[in-house]
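Please read these notes with the structure open beside you. Each point can be checked on its own.

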Amino acid sequence: MAQVVVIEDNQTMLDLITLNLKSYAGADVIPRENSADAIDLLNLLPTVDLIIAKSNIDSDNVAHAITDYIIDNRLEIPLVFLGEVAPNYPGLEEIAKVIDDSKDWESVIKIACSALGVKEETLEKKMTPDYIPVPVKYFLGLDTSFCDVFIRIKKAPGEYQFIKRIHEEDSYSKDIVNKYIEQGLKNFYISKEHEDSFVNYVSNQLVSKLNDKSLTTDQKIKIMSDSFHVALNEIYKMGFNSATVQLTESIVNSMVDTFKENPEMSPLLFKVINSKTGYLYRHAHMCSIVASEILVNLGLDKRELHETLAYASFFKDISLTEHPELAKISSYEELEKAEMTSDLWDLVFNHAQDGALIIRKHPEAPLDVDTIIKNHHGTSNGKGFAVNNKGEFPKLSLIFIVAVEFTNELLSFKDSGRKPRPIVDILKEKYDLDNMKDIIHALEKTIKNS
């Protein structure tokens, strides 16, 4: 049995690599937390077949330490590093493969299996499943499914049985879906052959509902929430395609139309904040509402501006879609106090930049919306949170910064039970800048009239 040392501090990545190496290569995985522990092991066991390591773990430059050890001891052990390494490090390119994306476990498994002698055609056959998972929540926005839907039952280690729960073209009760959600089920399963068609089907059904003029505001909020989470998940996993582009456009238009149809901000915010929907959706829609209200009070009531800020609201937290609770962190102090892995810390720290990079790939995104997203926590590069507030940003970025902060306050009051604070006074003190005063005054005007 092949022996593989894996140096990884992210438990999820370690589990993925371990499970897949055992399944596809029959390998024995030996985990280690840092380069020192791995080197201690290699002193005792210098004949392992492969080493897989994250390039950097906190202050530990694992790639350099392991490379030096392998070269100094003249060992012939293949190396795979996850995450960028310093270019031109002596000897590294000759003995190691580097995967720039530290989360790209699939590439790790392919390279590792190749190094361990598993033929590519054998690996491809094993890695192509008969069934693929679909989040259970996708089915809350549907009335029927165009294909059979299954649940997965574990029979033995690595062995599963798939049992049909929704039949092709049959109508089904939302109570069934909610029951599975309450039981903690995260995914249904569909046949692999239906994967692409299913996403298109879901998107088309949701777009049709979003365009239904007979919906009440409450009904539209529910449909927008379902659509928002489907679009966010699919874009983050697979990127943009015609279905997700169309769905995104319909959600953005619905956000803007809902604001136009409800001229008073407070009742609409009240409906969204009290809706039984997810945090990311509520934050996004509320940001869009507040930003639109500021635009109106500033005399900038143009549909293209409303749409631009709705797009910014939609995409600002997209990289946090798998960890929505992290979107509640809104300052560097909160980030430092939070207990999380280094990977999740980096995810929060870089999420504004990540959102900006993703929206740039949207074929019809409004001009400069990526800049607004990058600036939404008060930094120019989309990294971290503002420490001092110079306000040297475009007007729309400044409007959006205020909308985000006001929404943070509302949701903290609602969800966390935090005592209400004089948010306008706080904003005035935080942004004592000439180019921000009219924006904060525009928000204050709405609050006084509510």
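The numbered points below concern a predicted model and take up a few of its helices and residues.

1. Start with helix 5, which spans residues 105–115. Its residues Val108, Ile109, Ala112 and Cys113 are buried. Around the axis they cover an arc of only 120°, so they sit on the same side of helix 5. The general rule behind such a pattern is that an α-helix has 3.6 residues a turn, so residues three or four places apart point the same way.

2. Look next at what comes just after helix 5. There, glycine 117 takes a positive phi of about 90°.

3. Helix 11 covers residues 265–273, and its buried residues are Met265, Leu268, Leu269, Val272 and Ile273. Viewed down the axis of helix 11, these buried residues fall within an arc of 130°, so they line one face of the helix.

4. How do helix 10 and helix 13 pack, at what angle and with their axes how far apart? Helix 10 (residues 242–261) and helix 13 (residues 303–315) pack at an angle of about 120°, and their axes are 9 Å apart. Helix 10 is therefore oblique to helix 13. Their crossing is right-handed. On the side of helix 10, the contact is made by Thr248, Glu249, Ile251, Val252, Asn253, Met255, Val256, Asp257, Phe259 and Lys260. Helix 13 contributes Arg303, His306, Glu307, Ala310, Tyr311, Phe314 and Phe315. Sorted by class, this contact of helix 10 with helix 13 has nine nonpolar, three polar and five charged residues.

5. Is serine 397 buried or exposed? Serine 397 lies in helix 17, which runs over residues 395–415. Its relative accessible area is 1%, and the cut-off for buried is under 20%, so serine 397 counts as buried. Leaving aside neighbours within four places in sequence, serine 397 is in contact with Thr371, Ile372 and Asn375.

6. Threonine 371 is found in helix 16, residues 369–374. With a relative accessible area of 24%, threonine 371 is partly exposed. Not counting residues up to four places away in sequence, threonine 371 touches Pro394 and Ser397. The C-alpha atoms of threonine 371 and lysine 395 are separated by 11 Å, and these two residues are 24 residues apart along the chain.

How values were computed:
Residues numbered from 1 in each chain as written. Predicted model: local features only at pLDDT ≥ 70, side-chain atom pairs only at ≥ 80, totals over all residues. Heavy atoms only, no water. Buried < 20%, exposed > 50% of the residue type's maximum accessible area, 1.4 Å probe, protein only. Helix = DSSP H or I, 4+ residues; strand = E, 2+ residues; numbered from the N terminus. Arc of directions from axis to C-beta. Axes fitted to C-alpha atoms, helices over the stretch in contact; angles between N-to-C directions. Parallel < 35°, antiparallel > 145°, perpendicular 65-115°, else oblique. Left-handed = near helix turned anticlockwise from the far one by under 90°. Contact = heavy atoms within 4.5 Å. Nonpolar A, V, L, I, M, F, W, Y, C, P; charged D, E, K, R; others polar.
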